Amino acid sequence: MPRVSAAFFTVGALCVGIGMLWGMHMGSSQDFTLAPAHAHLNLLGWVTMGLYGTFYALTKDTMSLRLAWTNFVFATVGILVMVPCLAMLLANGNDPKYEPGIIAGSVLTFIALLIFLVSVFRELVRKRA
């Protein structure tokens, strides 16, 4: 497995572990105020990172390593910025001072998706043997 795939899976596993603990805490306290942030952590952190890692593992012989690592950096930083800002927004009565962080994190994760789409398109159109 390429190191970049392992990096995606490492971040994904950390995110789902935190997400599970967070979900257990919400369930035991019966306070689901932060459920949207919890969902974003699990979907972006676990599912999306896992899919990115799987794609790069499957295309290890033909992928652009530079694109893959760039995808990893944007996706990881996007999650690290957006999820905590979303949690703070929800925990503080929708205080708009957290919106710039949510926007910045969302833009970073969207850029990560665009980079991934370039990688997918490269795989789609590459010459086959």
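**Figure 1. Arg128 and its salt-bridge network in the predicted model.** Arg128 is partly exposed, with a relative accessible area of 49%. Its salt-bridge partner is Glu123, and the closest N and O atoms of this pair lie 3.8 Å apart. Glu123 also forms a salt bridge with Arg126. Here the closest N and O atoms are 2.9 Å apart. Arg126 has 30% relative accessibility, so Arg126 counts as partly exposed. Shared partners join Glu123, Arg126 and Arg128 into one network. Is Glu123 buried or exposed? Glu123 is buried, at a relative accessible area of 14%. That value falls under the 20% cut-off, so the residue counts as buried. A search of the whole structure finds two salt bridges.

**Figure 2. The fold of the chain.** The chain holds four helices and zero strands. From the N terminus on, its elements run α-α-α-α. The C-alpha trace spans about 55 × 30 × 20 Å along its principal axes. Of the 129 residues in the chain, 39% are buried.

**Figure 3. Packing of α1 against α2.** Two packed helices are described by the angle between their axes and the distance between the axes. Helix α1 covers residues 3-29, and helix α2 covers residues 35-58. They pack at an angle of about 160°. Their axes are 8 Å apart. That angle makes α1 roughly antiparallel to α2, because the cut-off for this class is over 145 degrees. The crossing of α1 past α2 is left-handed. Which residue classes make up the contact of α1 with α2? The contact has 18 nonpolar residues, ten polar residues and no charged residues.

**Figure 4. α2 and α4.** The axes of these two helices come within 11 Å. They cross at roughly 25°. The result is a roughly parallel arrangement of α2 and α4, because angles under 35 degrees fall in that class. α2 passes α4 in a left-handed crossing.

**Figure 5. The largest nonpolar core.** In soluble globular proteins, nonpolar side chains tend to be buried together. The largest nonpolar core of this model has 28 residues. Which residues have the most contacts inside this core? They are Val4, Phe8, Trp22, Met49, Tyr52, Tyr56 and Phe72. Helices α1, α2, α3 (65-91) and α4 (99-125) each supply at least two residues of the core. Which helix gives the most to the core? α3 does, with ten residues.

**Figure 6. Met82 in helix α3.** Met82 lies in α3. Its relative accessible area is 5%, so Met82 is buried. Gly45 is 37 residues away from Met82 along the chain. The C-alpha atoms of Met82 and Gly45 are separated by 11 Å.

**Figure 7. Gln30 in the loop between α1 and α2.** Most residues other than glycine have a negative phi. Gln30 has a positive phi, near 60°, and is a residue other than glycine. Gln30 is found in the loop between α1 and α2. Is Gln30 buried or exposed? Gln30 counts as exposed, because its relative accessibility is 59%. The cut-off for exposed is over 50%.

**Figure 8. Asn94 and Lys97 in the loop between α3 and α4.** Asn94 is found in this loop. What is the phi of Asn94? Phi is positive, about 60°, although Asn94 is not a glycine. Asn94 counts as partly exposed, at 49% relative accessibility. Lys97 also lies in the loop between α3 and α4. Lys97 is exposed, with a relative accessible area of 57%. Lys97 and Cys85 are twelve residues apart along the chain. Their C-alpha atoms are separated by 9.3 Å.

Methods
Residues are numbered from 1 along each chain as its sequence is written. This is a predicted model: local features need pLDDT of at least 70, side-chain atom pairs count only at pLDDT 80 or more; totals for chains, interfaces and linings use all residues. Side-chain values use heavy atoms; hydrogens and water are left out. A salt bridge is a side-chain nitrogen of Lys or Arg within 4 Å of a carboxyl oxygen of Asp or Glu. Buried means under 20% relative accessible area, exposed over 50%, partly exposed in between (1.4 Å probe, protein chains only). Axes are lines fitted to C-alpha atoms, for helices over the stretch in contact, and angles run from 0 to 180 degrees between N-to-C directions. Angles under 35 degrees count as roughly parallel, over 145 as roughly antiparallel, 65 to 115 as roughly perpendicular and the rest as oblique. A crossing is left-handed if the near helix is turned anticlockwise from the far one by less than a right angle, and right-handed if clockwise. Ala, Val, Leu, Ile, Met, Phe, Trp, Tyr, Cys and Pro count as nonpolar, Asp, Glu, Lys and Arg as charged, and the others, Gly among them, as polar. A nonpolar core is a set of buried Ala, Val, Leu, Ile, Met, Phe, Trp, Tyr and Cys residues joined through side-chain atoms within 4.5 Å.
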